[in-house]
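Please open the model in your viewer and keep the selection panel at hand. The tour goes from one selection to the next and says what is found at each.

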Amino acid sequence: MEKRVVFRSAWLPYALLAPQIAVTLVFFFWPAGQAIWYSFQLQDAFGLKTQFVGLENFRALFNDPHYLASFRITALFSFLVAISGIAIALLLATMADRVIRGALAYRTLLIWPYAVAPAVAGVLWAFLFAPSIGIVTYVLKKNGVDWNWVLQGDQAMLLVVIASTWKQVSYNFLFFLAGLQSIPRSLIEAAAIDGAGPGRRFWTIVFPLLSPTTFFLLVVNIVYAFFDTFGVIDATTQGGPAGATQILVYKAYYDGVKAADLGGSSAQSAILMLIVIALTVVQFRFVERKVQY
Amino acid sequence: MRIKTLAAALAAAGLLAAPAAFAQTEIQWWHSMSGQHNDKINEIAKGFNASQTEYKLMPVYKGSYPESMTAAIAAFRAGNPPHIVQVFEVGTATMMAAKGAIKPVTQLMKDAGEPFNPKAYLPAVTGYYTDNRGNMLSMPFNSSSAIFYINKDAFKKAGLDPNKPPKTWKEFAVAAGKLKASGQACAYTTGWPSWVHIENFSAWHNVPIGTKENGMAGIDTTFQINSPAHVKHVAMLADFAKNGWFTYSGRRQEGEDRFISGECGMLTSSSSAIGKIRKGAKFEFSAHFLPYHDDIKGAPQNSIIGGATLWVMSGKKAADYKGVAKFFSYLSRPEVQMDWHTSTGYVPITLAAYEMTKKSGYYEKNPGVDVAIHQLNNKAPTANSKGLRFGGFVQGREVFEEEMESVLQGKKPAKAAMDDAVKRGNVILRKFEAANK
């Protein structure tokens, strides 16, 4: 006979869940609900006068070409950060997996950047690439590159992508390494005996077996690029020059916090919420099917 | 046991702290002055606290200008604002519209029975912060203007006369070319691009930034920065950038550091940078009026101020406001103002402080510190040059800067960019108007 622990009480399970539900309600649902409520309002900065304006905030946003451009920039930025973060981490993990001597030291060093706060990572790279005093700038200028990300949008984008990726590589690396180590050696050896070279072994055995990890990292990295890179951008380009690095979350922050335009900022947050929900659905419905567990 | 010791320690600390807290009324002052200027603020607070025993002024650094402004707004919404908050000139319209959130300075002084004469303050400064019924709404504190600095050593090296700085943008172009040819890595850079090249440019050439006297006569104003004069100026900057004569450094004071390091030979930025330059520059420099276009009629007019004023938030006790009023009187004393003016480069806010500094012979010994004052008073201000008051201008200025950047990048012609700046800026103005009806 199967033994199961069952709560006979009608209220106990709810009581036990209550703290978690309370936390979720207070810290997630309440603010989210408030953001949606604000997105239908027009307020002055001090909240002295509030008007209900319906969808006016949304209409204004979609009539603003710079807001629409912000979508494109966010897509490009997230794509670059997620793809390069995953690719570099996978490369490093496969390398580190083969190292025998001093493996621990390599691995520890590769994990380090993850401990760096995004804002600090941003400042660090901004220093290296600073238009007048940066050491990388110095080298670039010697080689005839006109490096000034304060004005050149593409260079600014490159800078924030590098800083954001660098930070995320460590995280991805950890997961890939764990994934690689859980692949049975015998499979790879068998393939090697059959005459498959390292490249073929990687693409036909290792990579498919890593796909659950890769999928997980893809989701996490895109969410990271969408939201957590805020610190990097705030510490370096602040969305400039000419809006070249203004990703959606940064614009929502700027309009709401710095420019005290709560209605517009809340409307942007509501749109961001929708995007993330849509992205998650797409990822689990379509991409996940291709994953072999 | 340990808990008991801790409790005893806490009780003792409480006993020690309590008398001080009861005897004095604390006055919170949120500000955005960092570095040297922050030290000076602490000095002022110390001076005020030592001058009387009833009140204790507590200055708190709250981050950049927009940051401390939003912090104060958030605190007001949460029901616990500071007594005094330093707000930059860009936030003026927002603060003015917030009736019920702020206590006008004229009112404050009257209620507290402090002697107060608005005429004692520099008109170029007070004009900016006075409503159309003549009430001074905030207390002038740190006001500066955009001025022009040159590196005299770099001028000499380039074969230019260091005692004859360019007066017009035509002469400026010649100097920039020569500096570049002499091997100067960066001939010219600027701080605060919109403030210098749109806002001060407009006042200096007596052209409007917006309708309704630059927004001072009503919130139903629209931007006019796509005039031929503006377009010509921005196009000129883009040409300079293309020739390698102008290096763009960013939207805040980043350019000042490149001038101080000697990298850039010329700089337009705030007059409040003079203290920093004097301290850091390892070369001879001088400060001058902004260059002007001699083919625009009426130029040069007068420049406008930047910087910040102190706003008093509402909802505090009457006794607290007495303390705030006392502090404002202290702050306006000529000796306090002269010290602030001479050590920071901000203009003195009272005429008495200016006269006192002049008499002390300070300007002869430190040429350049009075440039901003003379430039602000170059001519009697017109509707185009007495200041500006645009709603949501934190965003508005950002729009101007974005559009200027796209011209400098070579992505947009100046005319198209200025048209876009007006279009986008007007959307912000209309939104502000709707929110503050």
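Select domain 1 and domain 2 of chain B, whose C-alpha centres lie 28 Å apart; domain 1 covers 21-143 + 305-365 and domain 2 covers 145-304 + 390-435, with bounds that come from an automatic or database domain assignment. This is a predicted model, in which local features need pLDDT of at least 70 and side-chain atom pairs count only at pLDDT 80 or more, while totals for chains, interfaces and linings use all residues. Residues are numbered from 1 along each chain as its sequence is written, and chains are lettered from A and ligands numbered from 1 in the order in which they are written.

Next, select the contact between the two domains, which takes 15 residues from domain 1 of chain B and 16 residues from domain 2 of chain B, two residues being in contact if their C-beta atoms, placed from the backbone, lie within 7 Å. On the domain 1 side, helix 4, strand 9 (305-313) and helix 15 (334-344) of chain B each supply at least two residues; helices (H or I, at least four residues) and strands (E, at least two) are DSSP runs numbered from the N terminus.

Now show chain A as well, and select the 27 residues of chain B that are in contact with 23 residues of chain A. Helix 3 (65-77), helix 4 (92-97), helix 19 (393-408) and helix 20 (414-435) of chain B each give two or more residues to this side, and helix 19 of chain B gives the most, with six residues.

Finally, select the whole of chain B, which has 20 helices and nine strands, and whose C-alpha atoms fill a box of roughly 75 × 50 × 50 Å along the principal axes.
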